[in-house]
Amino acid sequence: MSPAHPQATPAEDGAGSTLPQLVETWPAGVSTRASMRISDVLAALRPEFPALTSSKLRFLEDQGLVEPVRTPAGYRQYSPAHVERLRFVLGQQRDHYLPLKVIKDRLAEMDAGLYEPAPVSPRLAASDGERADLRPADRLTAATLAAEAGVEVSLVEELLEAGIIRADARGRFDSWAQQIVVHAAALHQHGIGARHLRALRSAADRELALAEQVVAPVRAQGTPSARARADATAVELGESFIQLHAALLRQALSEHD
């Protein structure tokens, strides 16, 4: 299998000086000339991942997700290919909550030509790859949320009253509320109302508290790298909770076949 990350090799620029260049892996056809600083990478990715930090980039490097080239002075330099690999990693965390190990294995498959990722649509995300809340001015009203989810406003109000979705002090909703409403609407068609979903909301809150309890000692260190590790671990714990819940439910359903 091809290496999961581009490897540095010397290349000459137009002036004849030697610059770091990378053996072409995924993505094919994207420049591998490593001449971008961390600030350049952040500028390229923050429109899609607005809370991305240099600490997060260093954390992903520590985890083997990206390998920037080091100059003789020890500074990190990235290529456009590195940027695309980082965009893929952050997008997989954001959209699919995949653990970093799984993402790393998928990158290796892509390098070997065994997997071709689907195009990723730009979306807001936080520093750990999760979607960030909309700005207060952009957050959704109940009417807008209902329209975007394709449901009646009365269902949004019912879910709000039951505590399934939560509004801010101005009565507006974040970007996750739309997904919750869409799934709740699908259940509503089978006679499962908002009051039946309270147990799911409570379970999600308990899982969040458990994840925060696990990462609290790391987050308490207070350093940017520790916060990045804590955020990434919390995301992976959330994915494990989701997978465990799905397996338990499928097992229970199979017993009633």
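**Notebook: contacts in a predicted model**

I began at Thr 25, whose side chain makes a polar contact with the side chain of Asp 111 at 3.5 Å. I took a polar contact to be a pair of N or O atoms within 3.5 Å; within protein, one must be able to donate a hydrogen and the other to accept it, and residues adjacent in sequence count only if both atoms are side-chain atoms. The side chain of Thr 25 also makes a polar contact with the side chain of Arg 85, at 3.4 Å. I located Thr 25 in the loop between strand S2 (18-22) and H1. Thr 25 counts as buried because its relative accessibility is 13%, where buried means under 20% relative accessible area, exposed over 50%, and partly exposed in between (1.4 Å probe, protein chains only).

I noted that the model is predicted, so local features need pLDDT of at least 70 and side-chain atom pairs count only at pLDDT 80 or more, while totals for chains, interfaces and linings use all residues. Residues are numbered from 1 along each chain as its sequence is written, and side-chain values use heavy atoms, with hydrogens and water left out.

**Overall layout**

I found nine helices and four strands in the protein chain. Helices (H or I, at least four residues) and strands (E, at least two) are DSSP runs, numbered from the N terminus. The order of the elements from the N terminus is β-β-α-α-β-β-α-α-α-α-α-α-α. Of the 257 residues, 37% count as buried. I looked up contacts (heavy atoms within 4.5 Å): among those between residues at least 6 apart in sequence, 61% join residues at least 24 apart.

**Salt bridges**

I searched the whole structure and recorded twelve salt bridges, each a side-chain nitrogen of Lys or Arg within 4 Å of a carboxyl oxygen of Asp or Glu. Side chains of opposite charge can pair when their charged atoms come close.

Glu 48 is buried, at 9% relative accessibility.

Lys 101 and Asp 105 form another, at 3.3 Å from N to O. Because they are four residues apart in helix H4 (residues 100-111), about one helical turn separates them. Lys 101 is exposed, at 63%, whereas Asp 105 is partly exposed, at 38%.

I then turned to Asp 205 and Arg 166, whose closest N and O atoms are 2.7 Å apart in a salt bridge. Asp 205 is in helix H8 (residues 198-219), and Arg 166 is in the loop between helix H6 (153-161) and helix H7 (176-188).

**Nonpolar cores**

Which residues have the most contacts inside the largest nonpolar core? I listed Val 41, Leu 45, Leu 57, Leu 60 and Leu 86, in a core of 26 residues. A nonpolar core is a set of buried Ala, Val, Leu, Ile, Met, Phe, Trp, Tyr and Cys residues joined through side-chain atoms within 4.5 Å. H1, H2, H3, H4 and helix H9 (224-254) each supply at least two residues of this core, and H3 gives the most, with five. Not counting residues up to four places away in sequence, Leu 45 touches Leu 52, Val 83, Leu 86, Arg 87 and Leu 90. Apart from this core I noted another, of 18 residues, including Leu 140 and Val 151.
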